[in-house]
Amino acid sequence: MTTISASPEAAAPTAAASTLDLAGVSRWYGNVVAVNDVTMRLGPGVTGLLGPNGAGKTTLLHMMAGFLAPSRGAVTLDGEPTWRNPGVYRRLGLVSEREAVHSFLTAYEFVLASAKLHRLPDPEAAARRAIALVEMADAQDRRIGTYSKGMRQRTRVAAALVHDPQVLLLDEPFNGMDPRQRLHMMQLLHRLGDAGRTILFSSHILEEVEQVSGTVQVMVAGRLAASGDFRTIRRLMTNRPHVFAVRSTDDRALAVALMAEVSVTGVELDRAGLTVRAGDYGAFTRALPKIALAHGIRVRQLTPEDESLESVFSYLVEA
Ligand SMILES: Nc1ncnc2c1ncn2[C@@H]1O[C@H](COP(=O)(O)OP(=O)(O)OP(=O)(O)O)[C@@H](O)[C@H]1O
């Protein structure tokens, strides 16, 4: 993982670290079970909440933030329930997915309004501090309507951080950002995590989560499908059965030859060509050209099938 240098102010450890606990948490809307019996613990540092659309990430974040009551189970911050607990709201910030910021306000005015909502003793100083933390001081007096997507997003992070919470929850913070803005936001999350805050952000992109967080929680169809460090999750996602469509100058001979290859777990031959199942993606794609060459066969097409993120996630749930 890339190490990102932090400014002295941002790197300074904040007050006592916080732990968010979910114990058997479920949430349903009528007949729809959005979150199903999730148990997890989040401590200081950056954790990624990975899952396809509709997996229940937003519902989970809203329960963590105390905006939504669990239908069953408990969400606690340092032992206190988050639901209907103003004491908890002071120690937690949420950057929601929807980007609703008044474009006629400046970043300073927007963050200051958030500081006043929290009834902070010195709202002006708190707003300036939060804006400095997200590196928006230079642009703080310009209207939000003139900002790039990344700047608007950082302004929203500043508003969520204005009361200096120990826990920051972000719903899809990288959505719609270009690579440069993405990198900037990643650096910010790293800095906040390194300073001892408990940071959780949701995403449906594995690479995004890998670059920011050491720990990953994977949600699929409301359930926690996997959790651990990103290397373990990556291994789970890649060491699964892969299906390839193969077309060659002699499919029948290639089918016979492939049966002897250790990475191949199944071969089907029909009029359209070969369907090959392999346990190890890399080993198979390296072996195929060698096998073909050894038998004087030319491979015309090799297409991985069923590689959508949704299918990877479903595999994890079934595993
Ligand atoms: N207020 C609601 N009423 C009814 N169903 C809801 C409501 N909010 C969410 N759902 C349903 O709950 C499930 C989980 O939704 P949720 O928004 O939590 O998932 P998500 O992982 O955040 O997805 P996305 O990234 O698309 O927002 C979905 O099936 C969704 O349609």
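Does alanine 221 count as buried, exposed or partly exposed, and how many C-beta neighbours inside 10 Å does alanine 221 have? Alanine 221 counts as partly exposed, because 17 C-beta neighbours lie inside 10 Å. For such counts, a residue is buried if 20 or more other C-beta atoms lie within 10 Å of its own, exposed if 12 or fewer, and partly exposed in between, with C-beta atoms placed from the backbone. Alanine 221 sits in the loop between β9 and β10, and its phi is near 45 degrees, a positive value in a residue other than glycine.

The model is a predicted one, in which local features need pLDDT of at least 70 and side-chain atom pairs count only at pLDDT 80 or more, while totals for chains, interfaces and linings use all residues. Residues are numbered from 1 along each chain as its sequence is written.

To begin with the whole chain, its secondary structure comes to 12 helices and 14 strands. These elements are DSSP runs numbered from the N terminus, helices being H or I of at least four residues and strands E of at least two. Of the 319 residues, 38% count as buried. Among contacts between residues at least 6 apart in sequence, 68% join residues at least 24 apart; two residues are in contact if their C-beta atoms, placed from the backbone, lie within 7 Å. The chain is divided into domain 1 (8-236) and domain 2 (239-318), with bounds that come from an automatic or database domain assignment. The C-alpha centres of domain 1 and domain 2 lie 41 Å apart.

An open sheet is formed by 6 strands in the order β6-β7-β8-β3-β9-β10, with mixed pairing. Its edge strands are β6 (92-95) and β10 (223-229), each pairing on one side only. Neighbouring strands of this sheet are turned by 15 degrees against each other on average, direction ignored. Two strands pair if DSSP finds at least two bridges between them. Strands of a sheet pair through backbone hydrogen bonds, either parallel or antiparallel. Within this sheet, strand β3 (residues 45-50) and strand β9 (residues 215-220) pair in the parallel sense over 4 bridges, and leucine 49 stands opposite glutamine 217 in β9. Helix α6 (residues 149-161) lies across β6 and β7 (167-170) and runs at about 160 degrees to β6. Axes here are lines fitted to C-alpha atoms, for helices over the stretch in contact, and angles run from 0 to 180 degrees between N-to-C directions.

Turning to the ligand, the surrounding residues include Tyr29, Val32, Gly51, Asn53, Lys57, Thr58 and Thr59; a residue is near a molecule or strand if its C-beta atom, placed from the backbone, lies within 6 Å of it. The elements that give two or more residues to this shell are β2 (32-42) and α2 (57-64), and α2 gives the most, with 3 residues. By residue type, the shell divides into 4 nonpolar, 6 polar and 1 charged.

Both of these elements deserve a second look. Helix α2 is largely enclosed by the rest of the structure, because 8 of its 8 residues are buried; among them are Lys57, Leu60, His62 and Met64. Just after α2, glycine 66 takes a positive phi of about 85 degrees. In strand β2 lies aspartate 37, whose phi is near 55 degrees, a positive value in a residue other than glycine. Aspartate 37 counts as partly exposed because it has 15 C-beta neighbours inside 10 Å.

Methods
Nonpolar A, V, L, I, M, F, W, Y, C, P; charged D, E, K, R; others polar.
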